[in-house]
Amino acid sequence: MSDAEELGLPAHAFDKQDDGGDLAFYADPRLVTHIDAGAIAALTLHYAALLAPGDRVLDLMSSWISHLPETLDLDVVGHGMNAAELAANPRLSRWFVQDLNRDARLTEPDDNFDAVLICVGVQYLQRPLTIFRELRRVLRPGGMVVASYSNRCFPTKAVAVWRHLDMEGQAALIRLYMETAGFHDIRPLVLADGRSGDPLIAVDGRA
């Protein structure tokens, strides 16, 4: 059964306008931020409230910056689509490149992380249920997943269902991914309301 069928979504829910190879699309480093300073600050505060010193963190769909509190000592493993971007990220103790839309299985062991962070990337996942099940597997019992997003994206690479929803609907979609994958205590939080800059919503869930 496909992810779309299992989630009760239309068969073409995870189609993209640009179905070319994602690794090719991300081949050139983009050393930019995809949300503004206010949204970044709000996300950093959110992480500070959730994470503890020494936590082992998987920064999924990461880049050259992770938006983590500078003074918080963490063991961060990064995943992304561009080696140069990941190599430039000073918070990562280790990193790997993997196209999750081609290979949704992670090589990380079970119960290996205290938290998984997905910043402005969930809209690109074409096998989200498979991936969120993998995240639950690699999280320790009670571990946290945080999926944050704004109203910006690469529209040709965002899946069809995401493009057809408003931000409230997108939060409900992420909740559906998490609930179906077995997460609990799921809550959407408005971190930045967008009145003076980029809006930002985070959906948190426990393994």
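Begin by selecting Leu 58, Phe 132, Leu 135 and Phe 183, which touch the most other members of the largest nonpolar core, a set of 43 residues. A nonpolar core here is a set of buried Ala, Val, Leu, Ile, Met, Phe, Trp, Tyr and Cys residues joined through side-chain atoms within 4.5 Å, and buried means under 20% relative accessible area, with exposed over 50% and partly exposed in between (1.4 Å probe, protein chains only). Next colour the elements that each supply at least two residues of this core: helix H1 (3–7), strand S1 (56–60), S4, H5, S5, helix H6 (160–163), helix H7 (167–181) and S7. The largest share, seven residues, comes from H7. Apart from this core lies another, of 22 residues, including Ile 40, Met 144, Ala 192 and Leu 200.

The model is predicted, so that local features need pLDDT of at least 70 and side-chain atom pairs count only at pLDDT 80 or more, whereas totals for chains, interfaces and linings use all residues. Residues are numbered from 1 along each chain as its sequence is written, and side-chain values use heavy atoms, with hydrogens and water left out.

**The whole chain**

Zoom out to the protein chain, which has seven helices and seven strands; helices (H or I, at least four residues) and strands (E, at least two) are DSSP runs, numbered from the N terminus. Followed along the sequence, their pattern is α-α-α-β-β-α-β-β-α-β-α-α-β-β. The radius of gyration of the protein chain is 16 Å, close to the 17 Å that the globule rule gives for 207 residues, so the chain is as compact as a globular protein of that length; this radius is taken over C-alpha atoms, and the rule is 2.2 Å times the number of residues to the power 0.38. Along the principal axes, the C-alpha atoms fill a box of roughly 45 × 35 × 35 Å. Of the 207 residues, 52% count as buried. Among contacts (heavy atoms within 4.5 Å) between residues at least 6 apart in sequence, 65% join residues at least 24 apart.

**Phe 183 and helix H5**

Return to Phe 183 and display what it touches: leaving out residues up to four places away in sequence, these are Phe 132, Leu 135, Arg 136, Leu 139, Val 145, Met 178, Gly 205, Arg 206 and Ala 207. Then select H5 (residues 128–138), of whose eleven residues eight are buried, so that this helix is largely enclosed by the rest of the structure. The buried residues of H5 are Pro 128, Leu 129, Thr 130, Ile 131, Phe 132, Glu 134, Leu 135 and Val 138, and what covers them includes H1, S1, S4, S5 and H7.

**Strand S5 and its partners**

Select strand S5 (residues 139–149), which is mostly covered, with eight of its eleven residues buried. Strand S4 (residues 113–119) pairs with S5 in the parallel sense over six bridges, where pairing requires that DSSP find at least two bridges between two strands. Within this pair, Cys 119 stands opposite Ser 148 in S5.

**Strand S2 and its partners**

Move to strand S2 (residues 75–80), where five of the six residues are buried, so this strand is largely enclosed by the rest of the structure. S1 and S2 run parallel and are joined by four bridges, with Arg 56 opposite Asp 75 in S2. S2 and S3 likewise run parallel, joined by five bridges, and here Val 77 stands opposite Arg 94 in S3.

**Two loop residues**

Pick Pro 90 in the loop between helix H4 (83–87) and strand S3 (92–97), where this proline is exposed, with a relative accessible area of 73%. Pro 90 and Val 76 are 14 residues apart in sequence and 9.9 Å apart in space, C-alpha to C-alpha.

Finish at Asp 36, in the loop between helix H2 (22–25) and helix H3 (37–50), which is partly exposed, with a relative accessible area of 24%. Leaving aside neighbours within four places in sequence, Asp 36 is in contact with Arg 152, Gly 197 and Asp 198. Its C-alpha atom and that of Leu 50, 14 residues apart along the chain, are separated by 21 Å.

Conventions
A crossover is right-handed if, with the strands pointing away from the viewer, the path from the first strand over the helix to the second runs clockwise.
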